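Welcome, and thanks for taking a look at this one with me.

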Amino acid sequence: MEGVSSAAVEVLVQNLINLFKDEYSLLRGLDGDAQQLQRTLGTIQAYLNDAEKKSITQDSVKNWLRELEDVAFDADNVLDELSYQLLHKKVHKMKTSKDKVLSCFSSFNAISRRRDTAHAIKQINADFESLNKRALDLGLQSMIVSAPDVVPVSFETDSFSLDPIFIGRDDDVPKLVGMLTHTQQEEEKQMFSIIALVGMGGMGKTTLTRKLFNHEKLKARFGSLIWVHVSQTFDPISIFNKIHYKLTKKTSDGVESRDDILEKIQEALKARVESRDDILEKLEEALKDEDCWSIIKAKTSVENGEVPSGFEMIGRKIAKLCQGLPLAANVVGGVLCGKSEEGWRFINENWLSDGEGGENISKILRLSFDHLSSPSLKKCFTFCSVFPKGRDIKKEELIKLWMAEGFLQPSRRDDMESVGNMYFNVLLQNSLLQVADKDDYGNVSECVMHDLVHDLASSVLSNNADSSTIVRYKFLEEESSPIPKIVAKHLRTLFLEGGTPGTIFSNFECLHNLTLSGDYKELPDSIRRLVCLRNLNISNTEIVNLPKWIGELHQLQTLRAEIWKLAKLPSTLKYLINLRHLHMDSNTKLPAEIGRLTSLQTLPHFTVGKEKGYQIEELGSLKNLKGTLMIRNLEMVRDKEEALKANIFRKPNLFDLAFEWNDGREDESNDESVLEGLQPHANLKKLRIGGFRGKRFPTWAEKMAVRDAPHGSWAPLDNLIEITLSDCSEIEEIPTLEHLPNLKSLCLDGLTKVRLINASFSHLTSLRIRGLERLECLPERLFYNNQNLSDLTVSSCPVLRGLPDGLNTLNSLENLRIMYCENLKSIGNPSGGARQSQGILRGLSITECGELMELPCQMLESWAPTVEYLELAGLRSLENLPMLIDCLARSSTRLRFLTIRGVPKLMDASSGSVESWDLSSLDTLDIDVSVEWSREASAGIAETVDGMLQACCNSLTWLHLKGVENWEWLPKSIENLTLLNWLEMENIGVEELPQWLGNLSSLVSLSLYSCNRLKRLPSVDVLNHLTKLKRLYIRDCPELRIDSEWCNLDLEINGFFIECCSNSVNEIKKNQTLDFAEGLLMHDLFWSSKIENEVKNGARTGSEKMIEVRRISPKTFTRPRNHV
């Protein structure tokens, strides 16, 4: 059956019946018509099950269903209007006289609307009665069938990969990984640029690709991994734009040529990009029947993987009918889950058959849809086809869209959001949706729909029935002409991603969901008339103010306005009494009396104020809050009694809480009392406390336990997985943590009076210790007790002298940062004995630890094979750098970022070890040769640096080189770095840059710092070879002269500019070498926050204003904006 489904109609009819039950008593003057309509709806509902079956073969029944759907939508719209009037009347009583004047609905309009509504209900009654009679003529039988309850499916925290069932492709993975990572010999002259996985839909191409995408070897080998969906309509420019957006998160400015967008991608990647059309390898092989059976067993959740013999015999027959398609096996497994042996047999005999692969997969997908247990669930599924193919869909946004459409009916036990979450999990279980991403808790946060499943959903959705079918859902990805009014008036969901100029939103009178994206600067005034609107998303716009009339959208359930430029929300927001979810940026200020929104579940942050309406008691009436809440400016709360008015303890669904005090306060601290009154519920998962000035935490925070009021006993916060304590400057001891079994992440930041960490904790995966100025030592068995640590940071602990032993036993450690610990002498002794397994460290940064004398080679040996990022800087006492380089040369193969700055004895590294070092993956290199430089050591240093550059000549894209003023040296091996995009040279002692600089064909930016002897830039002939050069930055090069021949450069070099510091520019002005009439423009820069911060941090002196010399064309001369 294509194009029509009774599920859509049944959802509408049931919603109408529920509305009459809920609001029948409010329909004064419409009692008779309302009762008649309710009876008619009940009768029609009984016909729907029979109509669903007969519409497959009888066009007359199919037409009846379509007409019924249209009338049901009309009825829904009329009752929406009535609901709005009732809400408006309720809100009108709440409003101040000032706000009443602002309303566009006068009492006269209200009477007129009520009269129109009464007339519309009479007409709908007549239409439904007519359809009721036609049902009898069509021979439809009355069947009262209650939809079965949807079985809840839990997808809570787990350790599965994004696609938990991966069977039958194990041999393909290493083969493909090898093809993608193998470095060809120079003489072979062969590189894989594109690998195509070819096969019919459902064969598992996407699953296999996703497995590769998340493979550790590919992550280590490539700098950027980007997932882009290619639609069936192949458009290279569109694909390139998607790639560019994934890299930069910036949308295209307009239509661009193939070369232009490829150049932008190249700049973003800092690597050479070629457009290739060749396909170098094809894989096309179905799974074995045994593999399909294994997938079905896994999906049906049979204990221990064993099934009774009766089930297995039928299951193997079904697996054979899947014809080697993993999608088919996954979908069938979802359908069979929870069914009896008889149910398995019925499906095998009545639904599946031996057909061609494409035909069979269609039957299997249809089977899964037909077995969805309720009409609402089916409607939720088909709605997903509104999104373009391949689009990742955010789970929470999808549920809000379903809710706005009326697909989610609450029960006594579950609210609409809970029902939506349950539906989402069922669709995942049935493989009608697939996992795309997960959140910090391990729960699914984004999903995607397989293309074949998308085709099924589209065919069922009325949108694609035929040209006469009314369109109710629309997704426009690009700017287009205005939507005709005849189409607009029926739309219920609209996504406008590119913006459509001239759109009159008041034409969209039935709209429930509206998502705007693009350069909207203000909310169109015509949206004010959308009285049915339940979900408004403007997060991807540039709107800076919301109008006061936003408070008239009384039916709004969800408002997404996560716009950093949006300074505040209007005072009329308090009249959105149906609002359940408010998403906003952390900089956006809430209006007064937010506590009136008693249906609110999502409120990201609340800033306490002194005035009435801004005090913490506003949170007290928000009993349904869920998820995350940050409470700021807690210094405005007087004491425990006032804090208790927020009723935080009575909000069991707040899983993530942050309590923050302002740093800039001067009055007396009452923080201990206030925090005591903010005791959370025992369900809490994340806790952050910042700016607390009490000397001790209150009892609940010290014990990390909450008092159960009825019983008076203490219940531990067992659900806590993350704790952050920051800028608690008076605290001397951290809380008790050893009893928290699920604690994974601990951050201690700015606890300036803590000397010892005497708490014991285990099972941590992330530990960050920063700014503990008096910390003397860490727990002795810290690393032995936390073998699952994957992220470790120790920073700005000036008294700390050493780390405990056992650091190299952390087999799960991925990132290690030790910074600004001036007195740190040791990072612990390597543990003895053989290691159980190889480490997986990716990032190692040890900086500004001036007293550290040794980084044990035994530790580095265990880390070197996997390390990608290595930074050694400001280690003036380190004695074993040569041995570390030798160690890296032997074992390091994945290094992509290397910094050696402010570390002595670089010249002692043996040339042999450097030459043998595999730096073929190195992307970024930052080398400082000035430490302990001497004329005698210069030859060794040059040899070491040259060896490094030669080893990475085919991969390096960014180089910073710091030399010595009185050493006339510049590594000639730089000229071989043909992929180099960014070159920064500091304190280089040459007087003129070499001519071979023109060989750097990929160079985009050249920076020169403190080159006191530099007098001349290369000739213009050299610069003309640098066709990609966009930026030349010069600072503190007092002898430098820029010759007048520069004025003859090609003025069409788009965006090329020079930045110079003041002393260099003064010399340029004095010698009058720049001809401004030829299009070179110079202007002083105004102060900006960026410059102010640099001055504060010592990176720029107050007198050091920057000057920009920008290349422009005289034809397009305009006054430039101030630029930093």
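Is K825 buried, partly exposed or exposed, going by its relative accessibility?

1. Please keep in mind that this is a predicted model. To settle the opening question, K825 counts as partly exposed, with a relative accessibility of 39%. Its salt-bridge partner is E851, and the closest N and O atoms of the two are 3.4 Å apart. K825 sits in the loop between β22 (815–819) and β23 (843–847), while E851 belongs to the loop between β23 and α25 (857–863), so the pair links parts of the chain 26 residues apart. E851 is partly exposed too, at a relative accessible area of 24%.

2. Another one to look up joins the side chains of D76 and R492, at 3.0 Å from N to O. Because D76 lies in helix α3 (residues 59–94) and R492 in the loop between α20 (485–488) and β7 (493–496), this contact ties together parts that are 416 residues apart in sequence. D76 is buried, with a relative accessible area of 13%, and R492 is buried as well, at 2%. With E405, these two residues are linked in a network of salt bridges.

3. Finally, have a look at E593 and K574, whose side chains meet in a salt bridge of 2.7 Å, N to O. E593 is in the loop between β11 (581–584) and β12 (605–607), and K574 in the loop between β10 (558–561) and β11; they are 19 residues apart. Here E593 is partly exposed, with a relative accessible area of 24%, whereas K574 is buried, at 10%.

Key
Residues are numbered from 1 along each chain as its sequence is written. This is a predicted model: local features need pLDDT of at least 70, side-chain atom pairs count only at pLDDT 80 or more; totals for chains, interfaces and linings use all residues. Side-chain values use heavy atoms; hydrogens and water are left out. A salt bridge is a side-chain nitrogen of Lys or Arg within 4 Å of a carboxyl oxygen of Asp or Glu. Helices (H or I, at least four residues) and strands (E, at least two) are DSSP runs, numbered from the N terminus. Buried means under 20% relative accessible area, exposed over 50%, partly exposed in between (1.4 Å probe, protein chains only).
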